[in-house]
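This briefing covers the fold, the helix packing and the chain contact of the structure shown here. Please read it alongside the sequence and the coordinates.

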Amino acid sequence: MNIQELWSIFIMQGFAGISLFSVLLLMGLGLALIFGQMGVINMAHGEFMALGAYTTYLCSSLVQDHAPALLPVYFPIAIVLAFILSALLGALVEWGMIRHLYKRPLDTLLATWGLSLILQQTYRSIFGAREVTPTLPEWLMGSFKPTDSIDIPINGVFVLLLAGAVTAGLMVFMFKTAFGLRLRATVQNRLMSGAVGINTKMVDRMAFSIGCGIAGIAGAAFTTIGSTGPDSGSRYIVDAFLVVVFGGAANLLGSLASAFGIAQAQSILEFFLEGTKGKVATLLFIVVVLMFRPQGLFPSKVRS
Amino acid sequence: MKMKDASIMASPHKGNHPGSRLLLGLLTAVAGLTVSLHAEGPPTAQVNTTGLAVTDTTVTVGQLHSATGTMAISETGSIQAEQLAIDQINAAGGVLGRQIKVIKEDGASDWPTFAEKAKKLLVKDKVASVFGCWTSASRKAVLPVFEKENGMLYYPTFYEGLEQSKNVIYTGQEATQQIIAGLDWIAKEKKAKTFYLIGSDYIWPRTSNKIARKHIENVLKGTVVGEEYYALGHTQFGSLINKIKLKKPDVIYAIVVGGSNVSFYKQLKAAGITSDKQTLLTISVTEDEVLGIGGENLTGFYSAMKYFQSQDNPNNAAFVKAFKDKYGEKSVIGDVTQAGYLGPWLWKATVEKAGSFDVDKIAAASSGVEFKGAPEGYVRIHDTNHHLWSKLRIGQWGADGQAKVLYESGLIEPDPFPKGYQ
């Protein structure tokens, strides 16, 4: 083992941390938007991710059966479809359920949890209990080798770029568009926003469905990393909430910082301790930080 | 298949004096013989003295697996194989002239749920036997229930050993059968000296790796350069893969289960750890898992199992055909699926040997029961420990998701409490 090899491993380990960061970020973004901006705790967030993953799986099966020539290019289309389907379902859920419960935050918790169970069983009935994996285009697999001893997984790079694009898109959307302005105004003062002519109900629906759409993108991206089962969502949701709560609920920057912190802590601890102990140490670290900063890393400064 | 002489045969033996039980046993044996000659069952009162769900024409058994949750990817095959065996037994006249009815319960990959459902099957449904469980965690959860309610469980999975119960027949291999011969082979073939042990974080991988470590250190005189565990359902193996690259083991010894498998092998491949550069031996990947992982992510890696779908013998040809006819051309058969298939057949053979559905009598009669129709070739229940004599095979995975059998051991005696390995 020479210095150069150690250096390679250092670089790859750094990438492993960044890769985990991008995964956590994608998980948390949609939730942060819904939870942070609207105060709705969406327990079905994981199931929206699973919807995105299943959409990708469906696309892959369809392409494989009917147009194998399209296999190398279907994946980006599947991601867009995953966004659209999840966003549509999100809008439907907002219209049918969430909007009746805005004044009862604890009830939305229960209602969205019920929704998550319904969705899980729906996936189970349609796709079966077995976990599925879409056939991925060849260019997404394998590794990128800048030197002989460094292997950077291409799927990791892909998820990283996607997470970056989604985050940037969301930032631009929130801070540079008229809709983002209306959304932020509604969050700050709903009555006043209504009085100056903002259709707050429409703002709510858009925000919720975009949050769900981002979950769909996350789900589609995760098919490059793992498999999808009816209850995959319930595994994602823990990490997603961890990111949002640790970051400070109402703050996109907070989610960014918290995803980064958790990912680095976990991958470094996993490297120097071992799998399970690394996870335990990470969770302990989060608990301790939250004891001293109960509002998360970046608490929202709102005058009460 | 109604018994005409039920009352005649049952009535003289209601007394409780000491000789009656012996006499009953004798009579049962005779009745058992009659069954095979006339394909007609003995009277219910005689084959069922403990209030099991046995009628003149039917016997009810339970099936307890995870149809949902993270283990569903693995357990679905067992559910199907057990059902296939039961259908075949029914088509051939049933057990002691009785058609088998199945009550299916879903353990949902959740161990307390397994215990609860086991209790329901034994106490409420009074099933004559249960085919079920997959993970050791689920078996450990139901074991106290089976022992307290005196049920009979046919457990299909290869597992860590260190267990023996009157109420369980283990139709998969215990750890020493699966681990030792496999490690011996890889050490000899690959001149392997250093091993990296990886597992999902629960009892089977931990105990199996403990046995593997003892064998590597004490017998093979090799070194274990790393040993670690990841939670069930874990999907991020980046740090682990870097550690493997740092320590460069001769062999990665992997016991990752469930959905984590898919992430693990995909990420190994993405990180450039492939069979041309790295030897990997696993005892947790069967044809079932490969279906999810994708053969292209595993090509050239080895599995140590007692059964592979590609095995070439008449029993297996018939089994594979029947399985595909029932579940579709695309379905695959893994080690545990095959072991699941053994359960109902071994139970039938034992019941017929005992001439009774009573759990105590089955437990006693199990010794030496053979099944020559086994797709893996031949199995026999051990005389004392309720495990099976079986062979170990090493398969090398191909991109088509099937393994090529490279090595076959002799019949290995099950040894659930191996001396020097605990």
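A residue counts as buried if 20 or more other C-beta atoms lie within 10 Å of its own, as exposed if 12 or fewer do, and as partly exposed in between, with C-beta atoms placed from the backbone. The model is predicted: local features need pLDDT of at least 70, side-chain atom pairs count only at pLDDT 80 or more, and totals for chains, interfaces and linings use all residues. Residues are numbered from 1 along each chain as its sequence is written, while chains are lettered from A and ligands numbered from 1 in the order in which they are written.

**Confidence**

- Where pLDDT is low, predicted coordinates should not be read in detail.

**Overall fold of chain A**

- Chain A has 11 helices and two strands, where helices (H or I, at least four residues) and strands (E, at least two) are DSSP runs numbered from the N terminus.
- The radius of gyration of chain A, taken over C-alpha atoms, is 20 Å, close to the 19 Å that the globule rule gives for 304 residues, so chain A is as compact as a globular protein of that length. The globule rule is 2.2 Å times the number of residues to the power 0.38.
- Of the 304 residues in chain A, 50% are buried.

**Helices of chain A**

- Helix α2 (residues 45–66) of chain A reaches 32 Å from its first C-alpha to its last, close to the 32 Å expected for its 22 residues at 1.5 Å a residue; the expected span is 1.5 Å times one less than the number of residues.
- Because 16 of the 22 residues of α2(A) are buried, α2(A) is largely enclosed by the rest of the structure.
- Helices α6 (residues 178–188) and α8 (residues 200–222) of chain A pack at about 105°, with their axes 10 Å apart. Axes are lines fitted to C-alpha atoms, for helices over the stretch in contact, and angles run from 0 to 180 degrees between N-to-C directions.
- α6(A) and α8(A) are therefore roughly perpendicular (65 to 115 degrees) to each other.

**Contact between chains A and B**

- The contact takes 32 residues from chain A and 32 residues from chain B, two residues being in contact if their C-beta atoms, placed from the backbone, lie within 7 Å.
- On the side of chain B that touches chain A, α9(B) supplies the largest share, seven residues.

Methods
Angles under 35 degrees count as roughly parallel, over 145 as roughly antiparallel, 65 to 115 as roughly perpendicular and the rest as oblique.
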